[in-house]
Amino acid sequence: MSINRVVRENRQPIIAAVSLVGVVVLLTFLSEYFLTTNNMFNIGKQASINLIIGLGMTVVIISAGIDLSVGSLLALTISVSAVLSVVHGMNIVLATSIAVVLTVLAGVLNGVIIQFGKVPAFIATLGMMGVGRGVVLLISRGNPSMSFPKSFLWIADGTILGIPFPIFLSLIMVALTAGMLKYTRFGRAVYAIGGNEEAARLSGINIPAVRVATYGICGFCCALAGIIFAARVGAAPPSAGVGYELNAIAAVIIGGTALNGGKGNVLGTVVGALLMAVISNGLNIIDVDPYWQSIVIGLIIVFAVMMSNLRSAAT
Amino acid sequence: MEPLLKVRQVCKQFPGVLALDHVDFDLAPGEVHALLGENGAGKSTLVKIITGAYRLDSGTISIDGKEVRFHGPVDSREAGIGVIYQEFSLVNTLSVAENIFLGDYPMRRGRIDWKAMNEAAAELLQRFAVNAHPEDILTSLGVATRQMVEILKVLNRKNLKILIMDEPTSSLTDTEARTLFGFIRKLREQGVSVIYISHRLDEIKQICDRVTVFRNGQKISTEPAHDLSVADIVTKMLGAELAEHYPPKSKATGAPGLQVEHLSGPGFEDVSFVARQGEVLGITGLVGAGKSELVETIFGARRHTGGTVMMGDVKVDPKSPRSAVANRIGLLPESRKEQGLVLGLSCAQNITLASLDKISRPFLALGEEMRLASEKFETLEVRPGDPQNAAVNLSGGNQQKVVLAKWLTRDCRVLLFDEPTRGIDVGAKFQIYAMIVQLAEAGNTVIVSSSEIEEICGICNRTLVMRNGRIVADLAGDELTKEDILAAISRGEK
């Protein structure tokens, strides 16, 4: 494949990557603390939750779907494992495993409702967003004080080969998702369904199975992100993950995955999630009012898509 | 006479291709001027430059002797240029009248004058003999009728000087096409000039005054239509003589390959026939006779309400496309962009889409995928020849070859072609005919559904004729002629 074509077909992730480098260079000049190993690890840990959810979201969006329930699903994992382990004294590993399975099932349920109930993804997952959050409040009784055992906190603070575990886990998930999308039949089917569902159907692709699986995978990503979140915070706030769906969608879109499906890749999402994390970290370091963060991120989303669309329209 | 539209030395470069190479083109007032050429020859690019959809790199365009510079389709519209595209620009959820007057509703005291609008639309529909009511919502109408509405929408504009028609008859029946030609003649009398693009060469002789042929971005010639024979035109388009329009027919015949018994579904009823291995079996009839519905149902893309389908001794009830594909039945659907291809994926990825099991071990062998795709690209002479190109970048004929390549890769034993050559150029047409015959001779069962009777006569060994969802004739040998087919279609039409 020629370099020219690679550039032409990946304009938006490239714009995002260049912006990322630019922001990093700028912040390095503005603060001597910015480019330290410690701070880099911090950014990585901050980015990991959004990135892992973003991976699931990437799969869903490439298949021309959307998942608004990711924040609630993340909270579901946290609360179920907290309630089981803290309130009922269950072994933490078992409790967390049950929580993960339940969250994946909730994701699968999204897919089933969309595929067989013929409900648009936006509506079905909007419903799940509400239902999931309600379940979380119901089982935790709105109690944020449940705290996880010390050993559990290793997930956020521990390291493997000198790399903080959340970053390590993110890297593995990135590799798995990218490999799945590029090198498996399932991955190819995800692109085909997102690009043209009718043509995919007439080529013998098993649409229901693929669709349900994409939402199941997204649920699994939310569960993993939930575990990291729980270990970082050490507790189970019922409001965990509120607004995360927008962050995840933003990372995916900044990374150049098309919102109407059929096109996109994991690397773009990685860049998108890192860019968001670097900006919020940088604004913190240089003492900008944290309320500005949301404004800046919002502008970046619009600007990234605008740059890419303006240039592709100019034939 | 001073030309109405004068194009001089226009060039347009796209990444990798010079789409227009110093092109001159004149359009006289009140003439119907055909633009011909294979897909990718430059006709569409020229049209897009004339309408302002593309900007030219160099050269000039003048209308009525004045040089014009269009910055977008709105400018050319202001200048009196109207276009009818292959893909419709209609709002399907609005009524016929609303579509015809879209953007220019008749107003009275600041409000839309519905009565005037509907009356004016009714008058237009009647003048053009279109079978629709002004208040019909478009989704309730067939494709052909929608196309008529599209045409009426452009014709309705008062300052119309130049009308550009891109394949206007590709979804019309013969009767509708004749009505359209009548209207084009009326327009010509009123001094409107028409630029007419079509792949149906016989039409050109019927309706056009002059013919301009393009090849590889260059203008080859402009000549009066009555001086040219179809063979002349083809020679100019291809740059070489094409000996025959059709390849020799398949000579193989074998055991029954597909038996359809009492099959019924939406659009057709109680259809039974046997297709043999080695023969090309046609299914023809008018638009709306149930041909597409029948083949799509055999493939499992639509629900059947009764009957069975067998492949030899094996019952292959059409449950879903998935089971059809597993039984090695392939369908080249009527609409390649909506049903045949995932346009955003590469050609190679489209080619393996129905055969992912072949390259899955268990991870996709991308090298093997490229090898399979390159092999098919060579056999079918797909251009441009890089299988990594996105399917969306190919011309219609080459896209159709990619859809065919998908089923060749699947090694289908039964192949269903639905309008296989709609909207594609002569060169690609011939290649597709040759492949159809070759597939049959290799012992496969091949069924071609087409409303182009000539094509059916040209390549099929036998044809079924459908009317109102039923088979009304089964013609082979000496009976397989245009006349016999037309007779069968009209028989009983009292």
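Reader: Where chain A meets chain B, how many residue pairs are in polar contact across the interface?

Author: Glad you asked! This is a predicted model, and across the interface of chain A and chain B there are 7 residue pairs in polar contact, with both residues at pLDDT 80 or more.

Reader: Which parts of chain A supply the side that touches chain B?

Author: Look at α8 (165-183), α9 (185-195) and α10 (197-202) of chain A; each gives at least two residues to that side. Sorted by class, the side of chain A that touches chain B has 8 nonpolar, 7 polar and 6 charged residues.

Reader: Which residues form a salt bridge there?

Author: A salt bridge needs a Lys or Arg side-chain nitrogen within 4 Å of an Asp or Glu carboxyl oxygen. Here Arg188(A) pairs with Glu369(B), and their closest N and O atoms are 2.6 Å apart. The count between the two chains is 1 salt bridge.

Reader: What area is buried between chain A and chain B?

Author: About 2,400 Å², with carbon and sulfur atoms giving 58% of that. Of the area that chain A buries against chain B, Arg185(A), Arg188(A) and Leu202(A) supply 30%, more than any other three residues. The contact draws 21 residues from chain A and 32 from chain B.

Reader: Now for the sheet. What is the order of its strands in chain B?

Author: Follow β2-β1-β4-β5 across this open sheet of 4 strands, paired antiparallel. Because β2 (17-27) and β5 (66-68) of chain B each have a single partner strand, they stand at the edges, with one side lacking a neighbour in the sheet. From one strand to the next, the twist averages 30°.

Reader: Which helix packs on the sheet?

Author: Helix α1 (residues 43-50) of chain B does, touching β1, β2 and β4 of chain B.

Note on methods: Residues are numbered from 1 along each chain as its sequence is written. Chains are lettered from A and ligands numbered from 1 in the order in which they are written. This is a predicted model: local features need pLDDT of at least 70, side-chain atom pairs count only at pLDDT 80 or more; totals for chains, interfaces and linings use all residues. Side-chain values use heavy atoms; hydrogens and water are left out. Two strands pair if DSSP finds at least two bridges between them. Axes are lines fitted to C-alpha atoms, for helices over the stretch in contact, and angles run from 0 to 180 degrees between N-to-C directions. Contact means heavy atoms within 4.5 Å. Buried area is the accessible area (1.4 Å probe) that two parts lose on being put together, summed over both. A polar contact is a pair of N or O atoms within 3.5 Å; within protein, one must be able to donate a hydrogen and the other to accept it, and residues adjacent in sequence count only if both atoms are side-chain atoms. Ala, Val, Leu, Ile, Met, Phe, Trp, Tyr, Cys and Pro count as nonpolar, Asp, Glu, Lys and Arg as charged, and the others, Gly among them, as polar.
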